[in-house]
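Here's a quick tour of a protein model, from its sheet to its cores and one of its pockets. Have the viewer open while you read.

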Amino acid sequence: ILWHPLANDIVDVKKYKSLYDYLGNLPKNILIAGYPQSLALDTIPLFAKRTIFFAEEMRDILLFCFKPQDLERKRRDSAEAFFTDSPTEFKKFLTNNKIDYFMLETYIYENDFIDSLKKSITPYNRELYKFIKSKNNNKFAALEFAKKFYDFKIVINGTDVFIVPSRKIS
């Protein structure tokens, strides 16, 4: 169970235990990327003791280490990488940021989720919605790579969660 002191919110993350166990058995010095607004990604450093590229909920803590514009770039780059239709662009994101593994949750590709970005109160989500719709083909490179090259997969609440080593798609 995870308690968020500012939001006064309690979230049960036991559903991710097998994910944390798997990641916890990988080398300690790996860097993991995922969709930046993912609860699973956000909790990896705490429960699997592994480093992540960027998570939205960690933004305030990361301000002690990075400039705000660098954090915005990390957020934009990671979100757009997971929605690009270009395998080359996705590989470039992984390589340029020295990502060892990526975690992909399939719920982010569902129409309801994508439509919720358009209705969001945050400009960031509305911009991401425009980016997704500009692709016009509903074929996402990260999803295709995950289905083909994953090392670990679980289903949580009807959503597939993949862990993929970047070296497999290079």
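Buried, in what follows, means under 20% relative accessible area, exposed means over 50%, and partly exposed is in between (1.4 Å probe, protein chains only). Helices (H or I, at least four residues) and strands (E, at least two) are DSSP runs, numbered from the N terminus. This is a predicted model, where local features need pLDDT of at least 70 and side-chain atom pairs count only at pLDDT 80 or more, while totals for chains, interfaces and linings use all residues. Residues are numbered from 1 along each chain as its sequence is written, and side-chain values use heavy atoms, with hydrogens and water left out.

Strand 5 (residues 101–105) runs antiparallel to strand 7 (residues 159–165), and five bridges join the two. One of the partners is F162 in strand 7, bridged to L104. Strand 3 pairs with strand 5 in the parallel sense, over two bridges, and I32 stands opposite Y101 in strand 5.

How many of strand 5's five residues are buried? Five of the five. Y101, M103 and E105 are buried on one side and F102 and L104 on the other, so both faces of the strand are covered.

Now the nonpolar cores: sets of buried Ala, Val, Leu, Ile, Met, Phe, Trp, Tyr and Cys residues joined through side-chain atoms within 4.5 Å. The largest has 35 residues, and F82, F83, F90, F93, F102, L104 and Y109 have the most contacts inside it. Among the elements giving two or more residues to this core are strand 3, helix 4 (68–83), helix 5 (87–96), strand 5 and strand 7. A second, separate core of 21 residues includes I32, L41, M103 and I163. Back to F102: leaving aside neighbours within four places in sequence, its contacts (heavy atoms within 4.5 Å) include A33, F82, F90, F145, F162 and I169.

The arc below is that of the directions from the helix axis to the C-beta atoms.

| helix 1 (residues 17–24) | L19, Y20 and L23 | within 95° |

The buried residues of helix 1 line one face of the helix, and what covers them includes strand 3 (31–33), helix 2 (39–47), strand 5, strand 6 and strand 7.

Leaving aside neighbours within four places in sequence, N125 is in contact with Y35, Q37, L117 and S120. N125 and A79 are 46 residues apart in sequence and 9.6 Å apart in space, C-alpha to C-alpha.

Last stop: the second largest pocket. Its lining includes R73, D77, E80, E89, K92 and F131, and helix 4 and helix 5 are the elements that give two or more residues to that lining.

Methods
Pairing = 2+ DSSP bridges. 1 Å grid on protein atoms, 1.4 Å probe; cavity = no way out; pocket = protein on both sides within 12 Å on 5 of 7 lines; lining within 4 Å.
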